[in-house]
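Hello,

Here is the structure I promised to pass on. Please open it first, then read my notes below.

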Amino acid sequence: MKRPGSPLSRAAGEGREGVLRGRGDFDLTGRVCIVTGGGRGIGRAIAEGLARHGGTLVLAGRTEATLTDAASAIGERAGIQVADVAREADVLALRDAVVARFGRIDVLVNNAGINPIFRGIERTSLEEWQSIIDINLTGTFLCCKHLGEAMVGQGKGSIINISSVAGHVGLLRSVPYCASKGGVEMLTRALALDWAKRGVRVNTLAPGWVDTDLTHGLLEHDVHGRRLLDHTPMGRFATAGDMVGAAVFLASDASAYMTGQSLLIDGGWTAD
Ligand code: NAD
């Protein structure tokens, strides 16, 4: 695992600095946190938020330069590992690197995801369907399986799967994406049952429309952007920062009695 900037200075399990600073149950001091797709967008914001609460971060993703930039902004408590979550060998290498460096994994945020197409099923190819399922659903499966097993071994951990409103309600021209996120929701509930007595909690964080590289073109679109905004009760799109509080809550002991649930952070989209 690479560590841009100065070496990681604080090993897992050290210090009660966060409690002394008043973070209480939200304190992540000494917790080793992996964020997939942590180089930009929602993943980067969540990684920065977990770090602000004391966590030691490993940013995993496909593009080294993007990861390095994000890790440098966090500082000495962040490292990077290049990994494609859809490739089992990469996920195993990620697990081995983090366990070798820290001896444990406390928090896993399965954030890596794509949604490259907006069109009807008639014009959706098998290859397009498969690529979305491979990353959004199979990638989440692989990371839960291999990184979560380390948590089971230590008897404690929190997995946060980034789902979407699309895991709860249908969205127009988004069949593969909705199917993948619906799968993430049910994977989460089923795995939560399997690991409930083994100390590993599994929840989803389901955002509404967040202005990131993934969605910017759509949200800026005269017709489609306006339609989405009109349907959002709070009358604005989210920022990636709007997802951080829920992520810190799910990562920390503040949510110690919560598993198999989905936190919708959607400006009221699914309340309608
Ligand atoms: P983004 O495109 O800005 O970031 C996605 C990140 O995932 C990127 O860093 C990308 O490189 C990485 N990634 C993609 N495929 C990967 C792979 N195979 N292996 C490793 N990393 C990979 O998008 P975002 O908006 O920040 O989305 C993050 C997550 O939030 C996604 O799962 C997305 O489905 C979900 N989400 C986004 C919105 C939104 O409106 N932006 C809404 C609901 C859910």
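**Ligand site and ring pairs**

The ligand sits in the largest pocket. Keep in mind that this is a predicted model.

Start with the secondary structure around the ligand. Two or more residues of the shell come from each of these elements: helix 2 (41-52) and helix 6 (175-195).

Next, the shell itself. There are 26 residues around the ligand. Arg40, Asn111, Tyr177, Val210 and Thr212 come nearest. By class, the shell holds 12 nonpolar residues, 10 polar ones and 4 charged ones.

- Ile42: a polar backbone atom lies 2.8 Å from an oxygen atom of the ligand.
- Asp84: an N or O atom of the side chain lies 2.8 Å from a nitrogen atom of the ligand.
- Lys181: an N or O atom of the side chain lies 2.9 Å from an oxygen atom of the ligand.

How much of the ligand's accessible area does the protein cover? On its own, the ligand has 820 Å² of accessible area, and the protein covers 95% of that.

Then turn to the aromatic rings. The count comes to 2 aromatic pairs. One of them is Phe26 with Phe249. Their ring centres are 6.5 Å apart. Their planes meet at 40 degrees, so the pair counts as tilted.

Best wishes

Key
Residues numbered from 1 in each chain as written. Predicted model: local features only at pLDDT ≥ 70, side-chain atom pairs only at ≥ 80, totals over all residues. Heavy atoms only, no water. Near = heavy atom within 4 Å. Polar contact = N/O pair within 3.5 Å; in protein donor to acceptor, adjacent residues only side chain to side chain. Areas by Shrake-Rupley, 256 points an atom, 1.4 Å probe, with all protein chains shown as cover. 1 Å grid on protein atoms, 1.4 Å probe; cavity = no way out; pocket = protein on both sides within 12 Å on 5 of 7 lines; lining within 4 Å. Sits in = over half its atoms within 2 Å of the grid points. Helix = DSSP H or I, 4+ residues; strand = E, 2+ residues; numbered from the N terminus. Nonpolar A, V, L, I, M, F, W, Y, C, P; charged D, E, K, R; others polar. Phe/Tyr/Trp six-rings, centres within 6.5 Å; stacked < 30°, edge-to-face > 60°.
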